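Try each task before reading its solution.

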Amino acid sequence: MKEDDTKEENLISHLEALRQTILKCLYAVAIVLPFTFFIAPKALDWIIKIILGGANVTLNYFSPVEVFLIQIKTAVVMDLIICFPYIARQIWDFILPALYENEKKFIKTIVLFSSILFAAGACFCLFLILPLIIKFGLSFSTPNINPVFNISGIVTLSLWMSMVFGLVFQVPLITFYLIKSDIISYNSAANKRPYIIVALLIASGILTPPDIISQLMLAIPAYLLFEAGLLFAKNKIK
């Protein structure tokens, strides 16, 4: 009975620690949200200027509250970005006691490089890919065909594409650690290049708008990142 009581007490203490971790994360998000909502209009204008890339385009909205809802969405995204280091720290403090020393170093490395790659992918999409997509869309305009862009559609596309590119930029990290952990050998991964190319093209077709330009803009960097992961793994093996 004493052993059962000890297990129950440990479970209760773990659940209480988890509850405190979740509450701290929610408190942080709630505290920062008013600030991000205050700066959301200017941040939204800045993001739109970057995306449009100087193109002579007027964005339209078709509902009285459409822009307000977009500002809320922008504020929430900025809130999560600002609070991410604190949230990650709280989660790390929660799981830290259960890890061995080598596991702690492994997770620290993974989290650090994963965050850097995600930010690089999102910035790559925001500053380079999205302006090219807008220019591609404008190339179809004629004296009789005028482009009318919806602000909600542009912002939603931007958030979605930025997230997709952030995830795609994890490819070299995934490739490296699959090889390093001996889950797959370097030669086996290198020999599967044709299958990787097909898989990336299919994924790009699913994750991007239905045009070949967007799909190639995702598939080509993803494949180059796969090759970078292979190269890095090969150098480490040597």
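**Exercise 1. Find which residues Ile51 touches beyond its neighbours up to four places away in sequence.**

Solution. Step one: list the contacts, meaning heavy atoms within 4.5 Å. Ile51 touches Leu126, Leu130, Pro131, Ile134, Ile154 and Ser158. Ile51 sits in helix H1; helices here are DSSP runs of H or I with at least four residues, strands are E runs of at least two, and both are numbered from the N terminus. Ile51 has 2% relative accessibility and so counts as buried (buried is under 20% relative accessible area, exposed over 50%, partly exposed in between, with a 1.4 Å probe and protein chains only). Step four: look further away. Ala199 is 148 residues from Ile51 in sequence, and their C-alpha atoms are 28 Å apart.

A word on the ground rules: this is a predicted model, where local features need pLDDT of at least 70, side-chain atom pairs count only at pLDDT 80 or more, and totals for chains, interfaces and linings use all residues. Residues are numbered from 1 along each chain as its sequence is written, and side-chain values use heavy atoms, leaving out hydrogens and water.

**Exercise 2. Decide whether Gln90 is buried or exposed, and name its contacts.**

Solution. Start with the location: Gln90 belongs to helix H2 (residues 66–95). Next, take its relative accessible area of 11%, which means that Gln90 is buried. Finally, set aside neighbours within four places in sequence; Gln90 is then in contact with Thr21, Lys24 and Cys25.

**Exercise 3. Describe the largest pocket: its volume, its lining and the helices that supply it.**

Solution. First, the definition: on a 1 Å grid over the protein atoms alone, a pocket is an open set of points where a 1.4 Å probe fits, with protein on both sides within 12 Å along at least five of seven lines, and lining residues have an atom within 4 Å of a point. The volume is the space filled by probe spheres set on the points, which are joined across faces, edges and corners. With that in hand, the largest pocket holds about 920 Å³. Its lining has 26 residues, and Val77, Ile81, Phe118, Ala122 and Ser162 lie nearest the centre. Now trace the lining to the helices: H1, H2, H3 (101–138) and H4 (151–168) each supply at least two residues. H3 gives the most, with eight.

**Exercise 4. Locate every salt bridge in the whole structure.**

Solution. Apply the criterion: a side-chain nitrogen of Lys or Arg within 4 Å of a carboxyl oxygen of Asp or Glu. The search returns one salt bridge. Glu227 pairs with Arg193, with their closest N and O atoms 2.6 Å apart. This pair links distant parts of the chain, 34 residues apart: Glu227 in helix H8 (residues 212–237) and Arg193 in helix H7 (residues 193–207). To finish, check Arg193: its relative accessibility is 27%, so this residue counts as partly exposed.

**Exercise 5. Explain why helix H5 is described as largely enclosed.**

Solution. Begin by listing the buried residues of H5: Val171, Pro172, Leu173, Thr175, Phe176, Tyr177 and Ile179. Then compare with the helix length: seven of the 10 residues in H5 (residues 171–180) are buried, so the rest of the structure largely encloses this helix. Last, step just past H5, where Asp182 takes a positive phi of about 65 degrees.
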